[in-house]
Amino acid sequence: MDKIDNRVDDAWAMTIDPFKKEDMKHPLLVESSFATLFPKYREKYLREFWPMIQKSLEEYGIVAKLDVIEGSMTVMTTRKTWDPYIILKARDIIKLIARGLPYEQAIRVLQDDVGCDIIKIGSMVRKKDKFLKRRQRIVGPKGATLKAIELLSSCFVLVQGNTVAALGPYKGLQHVRKIVEDTMKNIHPIYNIKALMIKKELAKDPKLKNENWERFLPKYVSKSVQHKQPKKKRVKKDYTPFPPPQQERKVDKLMASGEYFLTETDRKKKMLAEKLEKKVGAEVKRQERRNKPFIPPVEKSYRANQQDEQDNQLKKKQIKVTQKFKKIKSKEKKQD
């Protein structure tokens with residue numbers, strides 16, 4: 001028997017028939033529900049737009065509840081639910097609204113060709129200052145980079161806290177995730193933005209449609225940055241299984257020098273003699289330091305002084321000649 005080839009050339013270009021009420025012949029047997037928490041600052045916004053969220057979900061037979069005391073949103077199926085997949089879409093709506101997306105954008109998830117992706121970037125970079133810098137790169141100066149990503153991917157992107165929320169077509173969501181992950185890996189988003197722009201232009205040309213585009217795309221080359229080396233380098237000592245030799249005690253040192261056998265008076269006399277010796281040495285050094293300004297400098301000979309004067313005169317003449325030459329040049333330029 002011949003094998004049937006079920007391969008599809010371009011899955012993204014496939015048209016899927018919309019799911020209608022008539023396609024659901026029997027009601028759902030089990031109730032499904034999803035809940036998510038929302039921050040305190042979103043409470044005012046949710047109170048204002050919650051009736052609209054309920055109304056849009058009621059069309060699909062989904063019940064939405066807002067609990068302000070616990071700070072949570074819940075969506076659940078009912079016997080009237082006619083689309084089995086819509087509960088997952090409703091879960092995405094409450095997640096996106098809790099993340100900070102406006103109602104007008106979040107409600108687009110209910111469309112068949114629109115999806116959402118919440119990219120967690122908090123654990124990608126350890127150091128906080130590096131994380132903030134790389135997150136700012138996604139936004140760019142005055143939001144220019146973020147706007148470019150949105151235009152090229154046809155997605156709505158929101159960068160907030162430790163997450164990046166994206167909403168749009170599934171192909172565009174793939175591009176957004178790649179750009180965000182590469183940016184957090186210290187690859188500038190301009191490389192991916194350039195690649196997307198080139199791909200869009202190449203897709204318009206029917207001759208290049210089935211060819212490899214690698215030669216047209218920009219290639220990222222990682223530059224290894226040399227880190228500052230520590231001033232003091234620790235040199236590892238050779239490993240020896242034997243313990244270090246035992247250090248001499250103070251008594252052993254005294255016995256070796258012969259001080260141990262001296263009487264108390266002899267020991268005191270020796271200490272005084274050492275102190276006096278140190279004192280005399282310090283006094284001599286102090287006197288030398290004090291007398292240093294009064295020592296006359298070594299004078300140069302008469303011939304050496306004459307030579308210095310001649311050198312100084314030559315230098316002055318050279319400076320005058322260069323100044324005159326510069327003035328003449330500047331006059332010539334003005335005349336031209």
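This is a predicted model: local features need pLDDT of at least 70, side-chain atom pairs count only at pLDDT 80 or more; totals for chains, interfaces and linings use all residues.
**Entry 1: charged pairs**

I began with opposite charges, since side chains of opposite charge can pair when their charged atoms come close. How many salt bridges does a search of the whole structure find? I got 11. I then looked up a few of them one by one.

**Entry 2: Arg91 and Asp92**

I looked at Arg91, which forms a salt bridge with Asp92. The closest N and O atoms of the two are 3.4 Å apart. Is Asp92 buried or exposed? I noted a relative accessible area of 15% for Asp92, and buried means under 20%, so Asp92 counts as buried. Arg91 is partly exposed, at 25%.

Next I turned to helix α6, which covers residues 170-184. Asp182 and Lys178 both sit there, 4 residues apart, or about one turn of the helix. Their side chains meet in a salt bridge, with 3.0 Å from N to O.

**Entry 3: a pair between a loop and a helix**

I moved on to Glu259 and Lys270, whose side chains form a salt bridge of 3.3 Å, N to O. What does this pair tie together? Glu259 lies in the loop between α8 (250-257) and α9 (264-291), and Lys270 lies in helix α9, so the pair links parts that are 11 residues apart in sequence. Glu259 is partly exposed, at 23% relative accessibility. Lys270 is partly exposed as well, with a relative accessible area of 34%. I also jotted down a network: salt bridges that share partners join Lys40, Glu43 and Arg47.

**Entry 4: the largest nonpolar core**

Then I left the charges for the nonpolar side chains. The largest nonpolar core has 29 residues, and Leu57, Ile62 and Met73 are among those with the most contacts inside it. Which elements each supply at least two residues of this core? I listed α1 (43-58), β2 (62-67), β3 (72-77), α2 (86-99), α3 (103-106) and β6 (163-168). Of these, α2 gives the most, with 8 residues.

**Entry 5: another core**

Notes
Residues are numbered from 1 along each chain as its sequence is written. Side-chain values use heavy atoms; hydrogens and water are left out. A salt bridge is a side-chain nitrogen of Lys or Arg within 4 Å of a carboxyl oxygen of Asp or Glu. Buried means under 20% relative accessible area, exposed over 50%, partly exposed in between (1.4 Å probe, protein chains only). A nonpolar core is a set of buried Ala, Val, Leu, Ile, Met, Phe, Trp, Tyr and Cys residues joined through side-chain atoms within 4.5 Å.
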